[in-house]
Amino acid sequence: TGLIVICVLLVCSQLFTRPLVKQIMKPVQYLTEATVRMSKGNLSQPIAYGCNDEFRAVCDSFDEMQKKLRQSIEQKEAYEKARTEMISDISHDLRTPLTSIKGYIKGLMDGVADTEEKRQRYLGIAYRRSCDMDGLLTRLFYFSRLETGNMPFYKKDQNMKQFIETYVIQKQQEYESKMDIELSFEPGCEDCCCSIDADQFSRVFDNLVENSLKYAGSDALRIDFHVDVENGSGGEMLRIRVSDNGSGVEPEKISHVFERFFRGDEVRNSKCEGSGLGLYVCRYIVEAHGGSIGAENNGGFCVTVRIPVTEKEQVKCTRF
């Protein structure tokens, strides 16, 4: 009787265990097949496990992981493509001024410029072309620093009202004889100190002004600088608003303007081409100072920079 009972139990065990094992191994088989597909580079086909059991969450998590991995690869490929295009564009752009410089120097050497007026004109053109090359090489230099994360910062407490006012005056003098552009400064605070790298923050303003020059699409360009202090959750923040009277940015694209390689000519009404790094460099520098940067359309394109204010009792501001 005991042997019969044991045999019956074994048979029943086999009858019930086999379907159970099959049911358990089904999602495992799905996962195995999905892993094989992924190893072959196929990241577009999800598992799509239809049963509503304990394995549903595992398979859904696998599909989500596969989706994020595919998005990451696509972003990396787009980044590599944009980086290659930028380096290729800069390399091509370097050849044009270099050829021009060589041609005008050769003209001077061969005596083609036989009058003082011609010699001065040739030298002036060669100098401007060399400045163009310097700008292109600076872009490559900053790009390499950004790529390796080795951008140096030498911070010092600055009186931001005087710092920005001095920058606007110098920039206005620089553009006064070149083009129809007006820069203005409206201070909303006095003796406000921030710990900044003066050279790097000047580059932030340079990039913002250059961005407006390229893409504003306005014949009589006006760029306004406004600075004030606001209270944030982490303490007082200096708010710097740089706005122009241009055509602004398409609303659906304005959130992307600070992304790496997001070209301005895709956003604003202009035929000018850029590297797509100007505003990205601004964000990098501002965030390295513990601040934030954002953009909006407000009668034109407006960029708002926020950086922490240094405690007044601990510092003495550098004055210009």
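At roughly what angle do the axes of helix α4 and helix α5 cross? The axes of α4 (residues 160-176) and α5 (residues 198-215) cross at roughly 45° and come within 12 Å. The pair is therefore oblique, the class left over once angles under 35 degrees (roughly parallel), over 145 (roughly antiparallel) and 65 to 115 (roughly perpendicular) are set aside. Axes are lines fitted to C-alpha atoms, over the stretch in contact for helices, with angles from 0 to 180 degrees between N-to-C directions. Helices (H or I, at least four residues) and strands (E, at least two) are DSSP runs, numbered from the N terminus.

A note on provenance: this is a predicted model, in which local features need pLDDT of at least 70 and side-chain atom pairs count only at pLDDT 80 or more, while totals for chains, interfaces and linings use all residues. Residues are numbered from 1 along each chain as its sequence is written, and side-chain values use heavy atoms, leaving out hydrogens and water.

Turning to the aromatic residues, F163, Y167, F201, F205 and F225 form one cluster. Rings of Phe, Tyr and Trp (its six-membered ring) pair if their centres lie within 6.5 Å; planes under 30 degrees apart are stacked, over 60 edge-to-face, and the rest tilted. Y167 and F205 are a tilted pair, because their centres are 5.3 Å apart and their planes at 50°. Y167 lies in α4 and F205 in α5, so this pair ties together parts 38 residues apart in sequence. F205 also pairs edge-to-face with F225, at 5.6 Å centre to centre and 90° between the planes.
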